[in-house]
Amino acid sequence: MSTETPRRTFAIISHPDAGKTTLTEKLLFLGGSIRSAGTVKGKKTGKFATSDWMEIEKQRGISVTSSVMQLLYNGVQINILDTPGHQDFSEDTYRTLTAVDTAVMVIDSVKGIEAQTIKLFKVCRMRGIPILTFINKLDREGKEPLDLLAEIEEVLEMETYPMNWPIGMGKTLKGIYSIPDNTIEVFNETHEREIIPFDGQKVLADYEKEKLEEDIMLLEEAGNEFTMEKVRNGSLTPVFFGSALSSFGVQSFLDHFVTLAAEPQPRKASGVLLPPDSEVFTGFVFKIQANMNPHHRDRIAFLRICSGKFERGMEVMLSRTGKKMKLNQSHSFFASDRETVETAMAGDIIGLYDSGNFQVGDTLVIGNERLIYEEMPQFPPEKFAKVTAKNALKHKQYHKGMEQLVQEGTIQLYKTPFFEDFIIGAVGELQFQVFEYRMKNEYNVEIEFHHMTHELARWVTKGEVTDKMTDSRKMLVNDQQGRPVLLFENDFALRMFQEKYSDIELSTGWELL
Ligand code: G4P
């Protein structure tokens with residue numbers, strides 16, 4: 001795609017089953033990127049099952065090719081980054097959010113805000129990026145629209161501003177009223193898009209019209225003031241109601257998305273603020289996807305371009321090591337194809353062939369100045385396991401594999417004081433599986449896992465934790481940098497500890513970076 005076309009790069013944050021895949025498909029369809037629904041849903045249709053890219057992907061039906069999708073709409077190139085959920089939830093899901101400029105929060109109108117949405121939302125909040133909300137499944141009997149707005153405001157502490165308003169829901173769904181346009185999008189069985197002016201409309205019964213007018217008046221009186229500034233700094237979310245499955249409200253959402261979503265923003269590398277149109281090409285690696293085929297050790301590093309232009313074959317420097325390299329093998333991912341990319345610009349994601357040079361968080365830059373983006377926090381793990389090599393004689397390979405995979409960002413490593421037992425931490429089960437698989441296939445080491453019941457990690461930022469304060473429910477370990485970290489079984493154990501030892505300060509870790 002042309003490097004002159006404006007870019008908008010976003011990811012969907014949602015809880016499994018809220019409708020992320022369905023909405024993504026409808027958006028791609030509107031942009032002409034796919035011809036039929038079902039193309040993205042590799043998970044269920046098995047379309048990607050033929051990919052030989054990665055054994056685990058094959059088994060699970062997830063694919064590198066669905067990691068980044070593109071569509072062209074109203075002269076804007078929209079890049080959609082996939083945020084894997086379900087059993088594929090991992091640190092990569094969080095890391096993807098460091099590479100986008102906007103998040104779209106999809107909420108199931110029946111269920112309201114759910115756990116995974118909150119987790120992902122926190123990463124967006126930390127970054128202060130715009131969040132647009134799509135409240136989905138309006139064709140079902142869901143919660144009251146006003147209650148849904150109140151829930152967002154209370155749980156996420158973010159102002160809301162409805163861009164449209166439902167007229168009925170579920171079986172009584174008549175349409176949605178567009179507040180900025182003063183029009184009604186009529187809901188019909190055929191899912192044909194029908195928009196009529198509100199003034200002079202004849203589709204609503206008197207009671208429906210009255211109810212709508214009351215709601216709108218209430219929103220005008222009690223609602224929040226809309227400013228683009230609040231949208232852009234993530235303190236106010238524009239809210240759209242619709243039904244992805246019925247293609248209802250999706251195009252209107254997309255029309256507004258183009259203006260509300262942020263363009264690629266200047267980002268800071270080593271204290272230098274680089275605008276996207278800078279002469280200097282920079283980008284950072286936010287994800288590394290390994291090839292699980294034992295005959296090919298190659299990997300794909302996903303690079304978010306932050307400034308300047310990418311041209312295939314260009315020579316860049318890996319800032320961490322100072323090593324220069326030519327970027328010859330670069331890919332873009334487009335629905336179901338992996339294509340070679342010749343040029344790309346700020347906001348784009350490219351996949352770089354990697355024979356083991358890159359780590360998650362690495363900055364690539366043109367020129368000799370070793371600029372480094374500090375975009376990549378360490379995300380607090382929620383699953384822990386003690387690991388050992390099944391065969392003690394393989395300790396050399398075991399240590400080598402562990403070191404490399406930890407560096408690459410596959411898994412987090414902690415050690416117990418004194419005995420230095422290895423404890424690995426992850427945000428999702430998939431990371432353990434990938435770790436186990438790669439240790440076996442790449443380093444020929446079989447791993448023994450002892451899953452732990454701990455679920456929370458807190459870094460000790462003030463005070464000293466002694467043996468007396470710990471037990472099986474709260475365990476002291478050290479992270480890779482030797483910083484003390486307490487692992488708690490649950491929130492209750494954490495609160496008890498905090499009450500008892502109020503002079504010890506704990507942090508989730510994000511603030512440390
Ligand atoms: P996810 O990616 O967020 O996990 O959700 P996905 O799009 O797969 O949607 C989850 C389920 O919700 C699917 O049903 C999907 O058809 C349904 N869904 C999505 N949008 C809407 C909507 O606007 N209204 C209604 N009523 N349902 C919606 P499923 O039965 O689990 O899968 P499938 O067999 O239909 O594919």
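This is a predicted model: local features need pLDDT of at least 70, side-chain atom pairs count only at pLDDT 80 or more; totals for chains, interfaces and linings use all residues.

Reader: Okay, how many helices and strands does the protein have?

Author: The secondary structure comes to 12 helices and 31 strands, where helices (H or I, at least four residues) and strands (E, at least two) are DSSP runs numbered from the N terminus.

Reader: And which domains does the assignment give?

Author: Domain 1 is made of 7-40 + 54-166 + 226-260, domain 2 covers 267-365 and domain 3 covers 383-507; such bounds come from an automatic or database domain assignment. Between the C-alpha centres of domain 2 and domain 3 there are 30 Å.

Reader: What share of the residues is buried?

Author: Of the 513 residues in the protein, 43% are buried. A residue counts as buried if 20 or more other C-beta atoms lie within 10 Å of its own, as exposed if 12 or fewer do, and as partly exposed in between, with C-beta atoms placed from the backbone.

Reader: Which residues touch the most other members in the largest nonpolar core?

Author: That core has 122 residues, and A103, C124, V285 and L303 touch the most other members. A nonpolar core here is a set of buried Ala, Val, Leu, Ile, Met, Phe, Trp, Tyr and Cys residues joined through C-beta atoms within 7 Å. In soluble globular proteins, nonpolar side chains tend to be buried together.

Reader: What does V285 touch, then?

Author: Leaving out residues up to four places away in sequence, V285 touches A301, F302, L303, F358, V360, G361 and D362, a contact being two residues whose C-beta atoms, placed from the backbone, lie within 7 Å.

Reader: Switching to the ligand: which residues come nearest?

Author: There are 17 residues around the ligand, and K20, T21, T22, S243 and L245 come nearest; a residue is near if its C-beta atom, placed from the backbone, lies within 6 Å of the molecule. Helix α1 (residues 20-30) gives the most to this shell, with three residues.

Reader: How does the shell split by class?

Author: The shell has four nonpolar, seven polar and six charged residues. In this scheme Ala, Val, Leu, Ile, Met, Phe, Trp, Tyr, Cys and Pro count as nonpolar, Asp, Glu, Lys and Arg as charged, and the others, Gly among them, as polar.

Reader: Is T21 buried or exposed?

Author: T21, which has its place in helix α1, is buried because 24 other C-beta atoms lie within 10 Å.

Reader: Now strand β5: why is it largely enclosed by the rest of the structure?

Author: Six of the six residues of β5 are buried, so the strand is largely enclosed. Both faces are covered, with I131, T133 and I135 buried on one side and L132, F134 and N136 buried on the other. In a regular strand the side chains alternate between the two faces of the sheet.

Reader: Which strand is joined to β5?

Author: Strand β4 (residues 102-108) runs parallel to β5 and is joined to it by six bridges, and D108 stands opposite N136. Two strands pair if DSSP finds at least two bridges between them.

Reader: What about the pairing of β28?

Author: Strand β28 (residues 456-462) pairs with strand β30 (residues 484-488) in the antiparallel sense over four bridges, and L456 has F488 as its bridge partner. Three bridges also join β28 to strand β31 (residues 505-507), again antiparallel, with W459 opposite S507.

Reader: Last one: where is E141, and what does it touch?

Author: E141 lies in the loop between β5 (131-136) and α6 (145-156). Not counting residues up to four places away in sequence, E141 touches M169 and G170. E141 is partly exposed, with 13 other C-beta atoms within 10 Å.

Methods:
Residues are numbered from 1 along each chain as its sequence is written.
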